[in-house]
Amino acid sequence: MTLTILKPGLQTTVQSRPRRGMRHLGVPASGAADPLSLALANRLVGNDWDAPALEMTLLGPELRFDAACCFSLAGAPLAATLNGEDVPCHEVLRAAAGDVLATGATEAGARAYLAIAGGISAQEVLGSASTYLPAGLGGHNGKALVSGDVLSCVAREVADLSTPEEFRPPLSGSWALRTCASFETSQLAKDDVERLFDTNWAVSRRADRMGMQLEGPALEVSSGGRMPSAAVFPGTVQCPEGGAPFMLSVDAGTTGGYPRIAQLARADRHLLGQARPGDHLRFLRRAPEAAIQSLHAKLDYWRPWLPDIESILC
């Protein structure tokens, strides 16, 4: 079967698992910005957690199903209609040939996911079908979808299913993120270290899959702009000389030359994909040992519904 994009939304891409084991070659992880929500959408329709699906950012697309299929929506809650009738998130939904799905703006959070039972066909490059926009890799011709694009799918029937309430992550405009000190935290003045963890930061309009700039008090670093490039990862918080922290996300490069003043704990890294401009966030300082314990606790919580949770969050 196929589905046809009638309106693309703000930025809709095909996403799957990250590209692993190639950062030493300069290949970023990429993948779904919120892999947990991707997995929840795929779980409903019986796919592997990382089956290619549509990642919809802030404003979703309008599309036509060209054959009967089962599909699901998860992630950021958004208004959605099938032939003008409201349809919910976190349930198996059914479309007939010619049905039109229209999705609107996300109500909270930044990204929602649309999974098709059987999966969406996509171009696999370097071990993943995920779209990496800066290099034009994977997904559908390596780009965001546009009106008229036709995606091939492998449709199959699945039983009715809904996500249990306890496994529907709440989304809001405020985030508390567990965070550890990093390699160059000591380059901040003592007062600025405290300020980093005591400030209610705001996500600026400079926010995308590469990362997000944070608005708040300017921090002062002692690197003088002469720090050699060093490894960075999704969740690394850097501080350029201008003093505005920048938190890297899934499409960020593999090295950077600004001081690494904090590192988001692995347990909360999937939340990077849901922070949107105007949201507020606090960094909750954690020792590495406590961050590891938090990850294990989160894995234990999710395992009954998502047995592959280690692959999803790790």
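Ala-96 counts as partly exposed because its relative accessibility is 37% (buried is under 20% relative accessible area, exposed over 50%, partly exposed in between, with a 1.4 Å probe and protein chains only). Ala-96 sits in the loop between β8 (93–95) and β9 (100–106). Helices (H or I, at least four residues) and strands (E, at least two) are DSSP runs, numbered from the N terminus. Beyond its neighbours within four places in sequence, Ala-96 is in contact with Phe-65, Ala-67 and Ala-68; contact means heavy atoms within 4.5 Å.

The model is predicted: local features need pLDDT of at least 70, side-chain atom pairs count only at pLDDT 80 or more, and totals for chains, interfaces and linings use all residues. Residues are numbered from 1 along each chain as its sequence is written, and side-chain values use heavy atoms, with hydrogens and water left out.

Turn to helix α3, residues 288–302. Its buried residues are Ala-291, Ser-294, Leu-295, Lys-298, Leu-299 and Trp-302. They lie on the same side of α3 because they cover an arc of only 135° around the axis, taken from the directions from the helix axis to the C-beta atoms. An α-helix has 3.6 residues a turn, so residues three or four places apart point the same way. The buried residues of α3 pack against α1 (35–44), β12 (174–181) and α4. Exposed Glu-289 and Gln-293 are on the face of α3 turned away from that buried side.

Ala-96 also gives a distance to check. Ala-96 and Ser-128 are 32 residues apart in sequence and 30 Å apart in space, C-alpha to C-alpha.

How values were computed. Expected span 1.5 Å × (residues − 1).
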